[in-house]
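Here are some friendly notes to read alongside the model. Keep the 3D view open and look up each residue as you go.

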Amino acid sequence: MTDFRASHAKAEISLNVNGEPRKVRAYPMDRLLDVLRLELGLTGAKEGCGEGECGSCSVLMDGALVNSCLVPVLQAAGANIVTIEGLAGGESLHALQEAFLECGGAQCGICTPGMILAAVHLLNGMPDPTIDEIREGLSGNLCRCTGYTQILESVGEAARRRSSVQQTGRLKTTA
Ligand code: FES
Ligand code: FES
């Protein structure tokens with residue numbers, strides 16, 4: 001938690017999280033990461049560095065990829081937030097989640113929610129990326145386990161699957 005609280009009172013802040021309107025009472029400078037994890041129980045976003053360097057806390061905010069450890073919750077008021085918990089459709093995993101499972105893109109799992117959201121962001125803007133474009137798109141997200149190869153393969157596989165079944169609408173890589 002940040003210490004910028006002394007002169008601020010808690011306020012009710014409304015935001016839309018994974019398609020649902022939510023209200024929280026929080027200090028304006030509380031980090032979005034803490035509000036998601038501690039107030040809303042969405043623990044998918046992880047704290048790694050806490051300084052905007054590792055991407056393990058990545059979420060989508062109005063379609064942009066942000067490090068939630070750097071976003072004061074007041075800045076997220078009224079925004080649409082997507083966390084890893086919002087990707088699966090009921091029992092059906094998101095195409096990227098399936099690909100990460102099948103290609104070994106997740107090991108300890110700390111970086112995985114942020115990696116997958118970075119990949120969602122990438123594929124939303126670039127449906128058929130090259131391996132270098134995937135590497136660039138995920139460059140803000142660090143992994144200490146996989147050596148990145150399986151992660152790059154996972155994203156490439158999800159993109160290939162989407163392009164091969166796009167007409168059927170069975171696979172979803174957008175959020
Ligand atoms: S915990 Fe947010 S970027 Fe590392
Ligand atoms: S899977 Fe462990 S940090 Fe990436």
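1. Two strands count as paired if DSSP finds at least two bridges between them. Helices (H or I, at least four residues) and strands (E, at least two) are DSSP runs, numbered from the N terminus. Before going further, note that this is a predicted model, where local features need pLDDT of at least 70, side-chain atom pairs count only at pLDDT 80 or more, and totals for chains, interfaces and linings use all residues. Residues are numbered from 1 along each chain as its sequence is written, and side-chain values use heavy atoms, with hydrogens and water left out.

2. Start with the hairpin. Strand 1 and strand 2 run antiparallel and are joined by seven bridges. Glutamate 12 sits opposite arginine 25 in strand 2. Two residues lie between the strands, and asparagine 18 in the turn has a positive phi of about 50°.

3. Now find helix 1, residues 32-39. Its buried residues (buried means under 20% relative accessible area, exposed over 50%, partly exposed in between, with a 1.4 Å probe and protein chains only) are Leu32, Leu33, Asp34, Val35 and Leu36. They pack against strands 1, 2, 3 and 5, where contact means heavy atoms within 4.5 Å. Just after the helix, glycine 41 has a positive phi of about 70°.

4. Which residues touch the most other members of the largest nonpolar core? They are Leu96, Leu138 and Val155, out of 24 residues. Such a core is a set of buried Ala, Val, Leu, Ile, Met, Phe, Trp, Tyr and Cys residues joined through side-chain atoms within 4.5 Å. Helices 2, 3 and 5 each supply at least two of its residues, and helix 3 gives the most, with eight. A second, separate core has 22 residues, including Val17, Val24, Leu33 and Val66.

5. Next come the charged pairs. The whole structure holds seven salt bridges, each a side-chain nitrogen of Lys or Arg within 4 Å of a carboxyl oxygen of Asp or Glu. Arginine 31 forms one with aspartate 34, at 2.8 Å between the closest N and O atoms, and another with glutamate 47, also at 2.8 Å. Because arginine 31 lies in the loop between strand 2 and helix 1, and glutamate 47 in the loop between helix 1 and strand 3, this second pair ties together parts 16 residues apart in sequence.

6. Finally, look at arginine 161 and glutamate 102, whose side chains meet in a salt bridge at 2.3 Å, N to O. Arginine 161 is in helix 5 and glutamate 102 in helix 2, so the pair links parts 59 residues apart in sequence. Salt bridges with shared partners join Glu98, Glu102, Glu157, Arg160 and Arg161 into one network.

Methods. Chains lettered and ligands numbered in written order.
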